[in-house]
Amino acid sequence: MPIEHRIDHRRRLVLARVTGTLTDDEIFRYQRDVWSSRAVAGYDELVDMSDVEHVALPSGGRVAALASLSAGMDVKAPATRFAIVAPRDFEFGLGRMYGAYREMDSRSNKQVSVFRTREEALAWLGVEGEPGSES
């Protein structure tokens with residue numbers, strides 16, 4: 001499975017790591033499985049795409065569909081943050097596209113930003129050090 005996640009309840013943060021080939025089935029499954037849980041409502045999120053070898057999304061329309069699904073699952077309050085780590089240009093561009101679609105959706109309550117390094121993403125999220133793997 002190319003998307004592994006862990007939850008740091010103390011920091012109210014979901015951390016995901018994508019490896020291998022990223023497919024739209026996997027990313028939609030991650031969104032539904034993780035974010036349908038009330039246990040993470042109002043949590044920030046970090047998705048690290050540093051270990052992605054290939055992205056197999058059939059079209060940009062799937063990025064828009066994912067953004068719409070995600071926005072529809074947002075809690076009304078508090079506003080949260082979503083950091084995407086994407087060192088390579090293609091994944092960085094996909095992250096920016098996803099963020100733009102989310103921003104245009106009136107249901108969205110999550111600010112999305114894309115970073116080249118994990119350190120930058122953690123700093124933006126206000127997380128000091130590497131988060132633990134509490135479950």
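Is Arg-118 buried or exposed? I began my notebook with this point, working from a predicted model.

**Entry 1: Arg-118**

I looked up the accessibility of Arg-118 and found a relative value of 18%, so this residue counts as buried, the cut-off being under 20%. I then asked which residues pair with its side chain. Side chains of opposite charge can pair when their charged atoms come close.

One partner is Asp-48, whose side chain meets that of Arg-118 in a salt bridge of 3.1 Å, N to O. I noted that this pair links distant parts of the chain, since Arg-118 belongs to helix α4 (residues 118–125) and Asp-48 to strand β3 (residues 44–56), 70 residues apart. Asp-48 also counts as buried, because its relative accessibility is 9%.

Another partner is Glu-130, which forms a salt bridge with Arg-118 in which the closest N and O atoms are 2.6 Å apart. Here Arg-118 lies in helix α4 and Glu-130 in the segment after α4, so the pair ties together parts that are twelve residues apart in sequence. I recorded Glu-130 as partly exposed, with a relative accessible area of 45%.

Asp-105 is buried, at 16% relative accessible area. Arg-107, at 36% relative accessibility, counts as partly exposed.

**Entry 2: The largest pocket**

Rolling a probe the size of a water molecule over the atoms shows where empty space is left. I recorded a volume of about 220 Å³ for the largest pocket. Its lining consists of 18 residues, and those nearest its centre are Trp-35, Ala-41, Met-73, Asp-74 and Val-75. Helices α1 (24–35) and α2 (60–73) are the elements that give two or more residues to this lining.

How many of the lining residues are nonpolar, polar and charged? I noted six nonpolar, seven polar and five charged residues.

I next examined Trp-35, which is placed in helix α1. Trp-35 is buried, with a relative accessible area of 12%. Between the C-alpha atoms of Trp-35 and Asp-74 I noted a separation of 8.3 Å, although these residues are 39 residues apart along the chain.

**Entry 3: A nonpolar surface patch**

Which residues form a nonpolar patch on the surface? I found Met-97, Tyr-101 and Met-104, which together have about 300 Å² of accessible area. I looked up Met-104 in particular and placed this residue in helix α3 (residues 89–104). Met-104 counts as exposed because its relative accessibility is 64%, where exposed means over 50%.

**Entry 4: Lys-76**

Where is Lys-76 found? I located this residue in the loop between α2 and β4 (80–85). Lys-76 is exposed, with a relative accessible area of 71%. I recorded 21 Å between the C-alpha atoms of Lys-76 and Leu-15, which are 61 residues apart along the chain.

Note on methods:
Residues numbered from 1 in each chain as written. Predicted model: local features only at pLDDT ≥ 70, side-chain atom pairs only at ≥ 80, totals over all residues. Heavy atoms only, no water. 1 Å grid on protein atoms, 1.4 Å probe; cavity = no way out; pocket = protein on both sides within 12 Å on 5 of 7 lines; lining within 4 Å. Points joined across faces, edges and corners; volume = space filled by probe spheres on them. Helix = DSSP H or I, 4+ residues; strand = E, 2+ residues; numbered from the N terminus. Nonpolar A, V, L, I, M, F, W, Y, C, P; charged D, E, K, R; others polar. Patch = residues over 30% accessible without salt bridge, like charges linked within 9 Å, V, L, I, M, F, W, Y side chains within 5 Å. Areas by Shrake-Rupley, 256 points an atom, 1.4 Å probe, with all protein chains shown as cover. Salt bridge = Lys/Arg side-chain N within 4 Å of Asp/Glu carboxyl O. Buried < 20%, exposed > 50% of the residue type's maximum accessible area, 1.4 Å probe, protein only.
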